[in-house]
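Here's a walk through one protein and the ligand that goes with it. Have a look at the picture first, and then we'll take it piece by piece.

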Amino acid sequence: MLTEAEKEDLRSFFGRLARHLVRVLVPGAHVFRRDEPAGVASGVRPVHRAGFEKRGEIIRLVQTLRGGDRPKNAEHEFDMVSVMPRSGWEPWGLFRKPCDGRVQDNLRKWRTGGLRRLSADEPFKDVIEVAPARGREREIAAHPSLKPQALMRQLVRAALPFGEGRILDPFMGSGSTIAAASACGLSAVGLESSLEYFDMAVTAVPKLAQLKVNGDTDGEHGGLRPVGEAATRT
Ligand SMILES: C[S@@+](CC[C@H](N)C(=O)[O-])C[C@H]1O[C@@H](n2cnc3c(N)ncnc32)[C@H](O)[C@@H]1O
């Protein structure tokens, strides 16, 4: 659980991040932010103030090991009590930089403003069920917060409605977002402050991108063309 001071730090961090992002994103670009179920401490207001619109939440249904425990050191006495519910979902805040005119104008000019549909008959949806990354993915990328390709491919694919433009992950970790973009034929840039994780990403990205996973749609790799991405260590 976070203290009020820690929550304030988080809000201030996301405010600064949003002010940087609003400068580099094109009108209509979407931001997907992984949030926490417990109180969504990172806050919406600082992101609003930086100039973004909240466009809803994406709920990832996922069985986790968070919550559900009995009171510590009194488990036997209170064996029918869970202090917090066992969490079965993960929220992702969805934001958009305001469009330049109507959505249709923005789509024509900037190629952004909407989310790529799953198919002509099926819209992008805000509930996605994806299990945690396991097995081969974890062998390839031993990052403690590794996100599964089955989720990341759906998100990056949705973010660029025509497959044009570039995905940015400013907290790349082992590169699961970049690998997902590569698997979907999308261009991507990742930033990572830890050299250890950066080096992990350089090795992991091409291997993760080659995996065939649940969640691929429209045929192999989301129906888009695989591409390679160069990485630079600075
Ligand atoms: C939650 S992890 C991302 C994990 C990633 N989604 C994956 O699947 O591997 C966040 C990452 O951001 C990195 N990080 C933290 N602060 C950063 C900063 N200011 N600039 C760049 N990277 C940062 C951390 O080292 C960590 O690897």
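Let's begin with Arg 111, which is partly exposed, with a relative accessible area of 27%. On that scale, buried means under 20% relative accessible area, exposed means over 50%, and partly exposed is in between, using a 1.4 Å probe and protein chains only. Arg 111 sits in the loop between α3 (103-110) and β4 (127-129). Its phi is near 65°, a positive value in a residue other than glycine.

Before going on, a word about what you're looking at: this is a predicted model, where local features need pLDDT of at least 70 and side-chain atom pairs count only at pLDDT 80 or more, while totals for chains, interfaces and linings use all residues. Residues are numbered from 1 along each chain as its sequence is written, and side-chain values use heavy atoms, with hydrogens and water left out.

Asn 73 also has a phi near 65°, again positive in a residue other than glycine. You'll find Asn 73 in the loop between β2 and β3, and at 72% relative accessibility it counts as exposed. Val 62 is found in the loop between β2 (53-61) and β3 too, but at 5% relative accessibility Val 62 counts as buried. Follow the chain from Val 62 to Pro 132 and you cover 70 residues in sequence, yet their C-alpha atoms are 6.9 Å apart in space.

Asp 35 is buried, with a relative accessible area of 2%. Its side chain makes a polar contact with the side chain of Arg 33, at 2.8 Å. A polar contact here is a pair of N or O atoms within 3.5 Å; within protein, one must be able to donate a hydrogen and the other to accept it, and residues adjacent in sequence count only if both atoms are side-chain atoms.

Now step back to the whole chain. The protein has seven helices and six strands, which are DSSP runs numbered from the N terminus (helices are H or I, at least four residues; strands are E, at least two). Along the sequence they follow the pattern α-β-α-β-β-α-β-α-α-β-α-β-α. Of the 234 residues, 42% are buried.

What lies inside? The largest nonpolar core has 37 residues, and Ile 58 and Leu 155 have the most contacts inside it. Such a core is a set of buried Ala, Val, Leu, Ile, Met, Phe, Trp, Tyr and Cys residues joined through side-chain atoms within 4.5 Å. Two or more residues come from each of β3 (89-96), α5 (149-159), α6 (176-183) and α7 (195-210), and α5 gives the most, with seven. Eleven of the eleven residues of α5 are buried, so this helix is largely enclosed by the rest of the structure.

Finally, the ligand. It is surrounded by 14 residues, and the closest are His 143, Lys 147, Ser 174, Ser 176 and Glu 192; being near means having a heavy atom within 4 Å. Polar side-chain atoms of His 143 and Ser 176 each lie by an oxygen atom of the ligand, at 2.8 Å for His 143 and 2.5 Å for Ser 176. A nitrogen atom of the ligand is 3.1 Å from a polar backbone atom of Ser 193.
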